[in-house]
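Please read this briefing alongside the sequence and the model shown below.

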Amino acid sequence: MSKNAKVAAGGVAVGLILLIWLPWWAALLIVLGVPAAAYLTLDPSQRRRLRGTTRREIGR
């Protein structure tokens with residue numbers, strides 16, 4: 001199993017646990033808020049590089 005697959009499986013597991021323990025709106029805030037906060041902590045040059053990489057990989 002690749003590293004990305006392990007991260008994805010862990011994210012799904014955490015999301016399911018959050019849905020069981022918390023109300024749906026709180027789990028949704030956490031699931032959407034953590035990646036958004038991580039993106040906002042990047043430098044402008046890192047954000048630019050991330051957007052460029054994403055666009056190139058979509059065309060493959």
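Buried means under 20% relative accessible area, exposed means over 50%, and partly exposed covers what lies in between, using a 1.4 Å probe and protein chains only. At 26% relative accessibility, Leu42 therefore counts as partly exposed. This is a predicted model, in which local features need pLDDT of at least 70 and side-chain atom pairs count only at pLDDT 80 or more, while totals for chains, interfaces and linings use all residues. Residues are numbered from 1 along each chain as its sequence is written, and side-chain values use heavy atoms, with hydrogens and water left out.

**Overall fold**
- The chain has 3 helices and 0 strands, where helices (H or I, at least four residues) and strands (E, at least two) are DSSP runs numbered from the N terminus.
- Read from the N terminus, the elements follow the order α-α-α.
- Of the 60 residues in the chain, 8% count as buried.

**Leu18**
- Leu18 belongs to helix H1, which spans residues 3-21, and is buried because its relative accessible area is 18%.
- Apart from neighbours within four places in sequence, Leu18 is in contact (heavy atoms within 4.5 Å) with Ala27 and Ile30.
- Between Leu18 and Leu28, which are 10 residues apart in sequence, the C-alpha to C-alpha distance is 8.9 Å.

**Leu42 and Arg47**
- Leu42 sits in the loop between helix H2 (24-40) and helix H3 (44-58).
- Once neighbours within four places in sequence are set aside, Leu42 is in contact with Arg47 and Leu50.
- Arg47 also lies over the face of Tyr39, at 5.4 Å from the ring centre; a charge sits over a ring if NZ of Lys or CZ of Arg is within 6 Å of the ring centre and within 35 degrees of the ring normal.

**Surface**
- The chain exposes about 5400 Å², of which carbon and sulfur atoms supply 69%, with accessible areas taken from the Shrake-Rupley method with a 1.4 Å probe and, for residues, only the protein chains shown counting as cover.
- A nonpolar patch on the surface, formed by Val12, Leu16, Leu19, Trp24, Trp25, Leu28, Leu29, Val31 and Leu32, has about 1000 Å² of accessible area together.
- The elements that give two or more residues to this patch are H1 and H2, and H2 gives the most, with 6 residues.

Note on methods. Patches are made of residues with over 30% relative accessible area and no salt bridge: like charges are joined within 9 Å, nonpolar side chains (Val, Leu, Ile, Met, Phe, Trp, Tyr) within 5 Å. A salt bridge is a side-chain nitrogen of Lys or Arg within 4 Å of a carboxyl oxygen of Asp or Glu.
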